[in-house]
Amino acid sequence: MTADLEGAMSGTRRARREDAPRGPVGPGGPGGPGGRRPRGRGRRVAKVTGIVLAVLVLITAGAGAWLYNKLSGNINSVSLGSDSASKLGSEKPDAFGRTPIDMVVLGTDARNTQEDCNLGGDCNIGGGYGNADVEMVVHISADRSNATVMSIPRDTMVHVPACTDPKDPKNTTQGYYGMVNSALGYGPLCQMQTIHQLTGIPLSHFMMVSFSGVVSMSDAVGGVQVCVDNNVYDTYSHLKLAKGDHTLKGVAALEFVRSRHAFGDGSDLGRTYAQHMFLSSLMRKMKSAGTLTDPGALYNLANSATKALTVDSSLGSVGSLLGLAADVAKVPTSRITFTTMQTAPDPSNPDRVVPATSAQALFAAIANDQPLSEGAAGTTKPSAAPSTAAPAQPGVPAADVSVHVENGSGVTGRAGELAAALTRKGFGSGTSASNAPTQTATTTLRYPAGDQAKAQTVASALGIPAAHLSESSAVSRVTLVIGSDWTSGVTYPGGGGKPAPVSTHAALSDSHAETADQGNTCAPVSTFRTVELNGVSMTPSQAYARATDVPDSAP
């Protein structure tokens, strides 16, 4: 059995354009104030972007039974606890009973093995989870016809909810405002809760990888072809390539995917675009060259990847991963969309970002299981022909919505039950419960003028159909009145219907969307002075011309 993983990319942040080389920045503890990192820390953090590649291997490795015991023994699994669904939401089935798959792929900057220490330095063998410097939401549609991979920039400031690591109940937080990547310090479940609260996207699985398998993986497939549009030398990642096409293996592949200063405007965002190209090329090669039909190459690929992989317990065997692989393999590369969450500068800290308003449309499209590949043209420019239908109003984060829940069902305690469920899903601290003046047959979700988007966020979280939403001058905030048609559970009965679709143009605007089949582009080398050679700041192309004593990473 053979299956191909169709999408992965790292989370990045948009750095400010400067004329001088910029030093990476980092938190002063979980969510702490930003400050310039020492350059060694910047190099270490940059390398973590390569770790997402390891997750490709396991999913693509459609190994036979002869590999089962060996590979299963490599996999490290972590329980998310018995009540994780109430904290992370549940995917809604389509009209045919099929459900989407939504998972988080995390890359940790921890150095908990000697191999990772050798690659990344700053060893921390036996340490904790580290920070999630790579965060991707991978969505596979219910009908398995398309997929979306959304990267979340690691420096995004968010509200981390109260959460506890099921593996270590002493590792807990009451919640705080800080960098999204810091939540991993309280365990993978906390990182998933933070992303779910931010996006409203239900999450069922996670994969966490180190970067120790990147070198061996690129070697196993015979190298990955990339293109750069100018000579480039990133003095931080050590990537050095002449203009044109190259086949990258081993360390050269790692240098390319971790290069932060080489591409675009010389920021993490430019690095993301280059990684899209690398991963797309890797997937196309796996499909066309028959790499995974070679048992020897397949074993080496899968063995190295599974050793570096941590997953939730429901994916903790080769059998489970093969089932996932079979689903993913159905998606053609032309219908796999890479995106990056839209961000805006943090008004309180120029070294941080916050989710842009436009990100809400992208979140809603993924949560609604909408295909985005037709709108992904490999550019951030809007499509020439916007949708003729009025786009749905973008949602707002659950944390910004407080709901008043009234019990008109006739069942004691229903308002409190649903209010508690909303609080667990990350809704505002002002969420409250009371009895309705009278019993009512039909559940309604009412909202004051201007708050339709907030009501849609509540409806999406609870599975309430759009027909039950209405604007009302009689309420001052979003108010849920529970009727006798909903006497139990925290999801509206039969509420699997989709909300009105979000405009694809709105969802993809400024997300640098592209599909995995696009193979005729070159990574744009930065024209800014983002690197430094012998104490002098310069562009990566200028550094290439001057570093005549440094060999190229690849011919």
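A charge sits over a ring if NZ of Lys or CZ of Arg is within 6 Å of the ring centre and within 35 degrees of the ring normal. With that in hand I looked up K240 in this predicted model, and I noted that K240 lies over the face of Y544, at 4.4 Å from the ring centre.

**Aromatic rings**

I went on to the aromatic pairs, of which the structure holds four. One of them joins F256 and F263, whose rings are tilted against each other, with 5.2 Å from centre to centre and 55° between the planes.

Are W486 and Y492 buried or exposed? W486 has a relative accessible area of 0% and is therefore buried, and Y492, at 10% relative accessibility, counts as buried because the limit is 20%.

I then turned to an open sheet of five strands, which has the order 21-20-24-22-23 and mixed pairing. Which strands stand at the edges? They are strand 21 (432-435) and strand 23 (469-471), and each has a single partner strand, so one side of each is left without a neighbour in the sheet. On average, neighbouring strands of this sheet are turned by 25° against each other, direction ignored.

Within the sheet I followed strand 22 (residues 444-447) and strand 24 (residues 479-482), which run antiparallel and are joined by three bridges. Here L445 stands opposite L480, a residue of strand 24.

**Helices on the sheet**

I next asked which strands helix 13 (residues 414-424) touches as it packs on the sheet. The answer is strand 20 (404-407), strand 21 and strand 24, and the direction of helix 13 makes about 155° with that of strand 20. For helix 14 (residues 452-462) I recorded that the helix lies across strand 22, strand 23 and strand 24, and that helix 14 runs at about 155° to strand 22.

**T504**

My last entry concerns T504, which has its place in helix 15 (residues 504-508). The relative accessible area of T504 is 27%, so this residue is partly exposed. I also looked up T504 together with A361: they are 143 residues apart along the chain, while their C-alpha atoms are separated by 8.4 Å.

Notes: Residues numbered from 1 in each chain as written. Predicted model: local features only at pLDDT ≥ 70, side-chain atom pairs only at ≥ 80, totals over all residues. Heavy atoms only, no water. Phe/Tyr/Trp six-rings, centres within 6.5 Å; stacked < 30°, edge-to-face > 60°. Buried < 20%, exposed > 50% of the residue type's maximum accessible area, 1.4 Å probe, protein only. Helix = DSSP H or I, 4+ residues; strand = E, 2+ residues; numbered from the N terminus. Pairing = 2+ DSSP bridges. Axes fitted to C-alpha atoms, helices over the stretch in contact; angles between N-to-C directions. Contact = heavy atoms within 4.5 Å.
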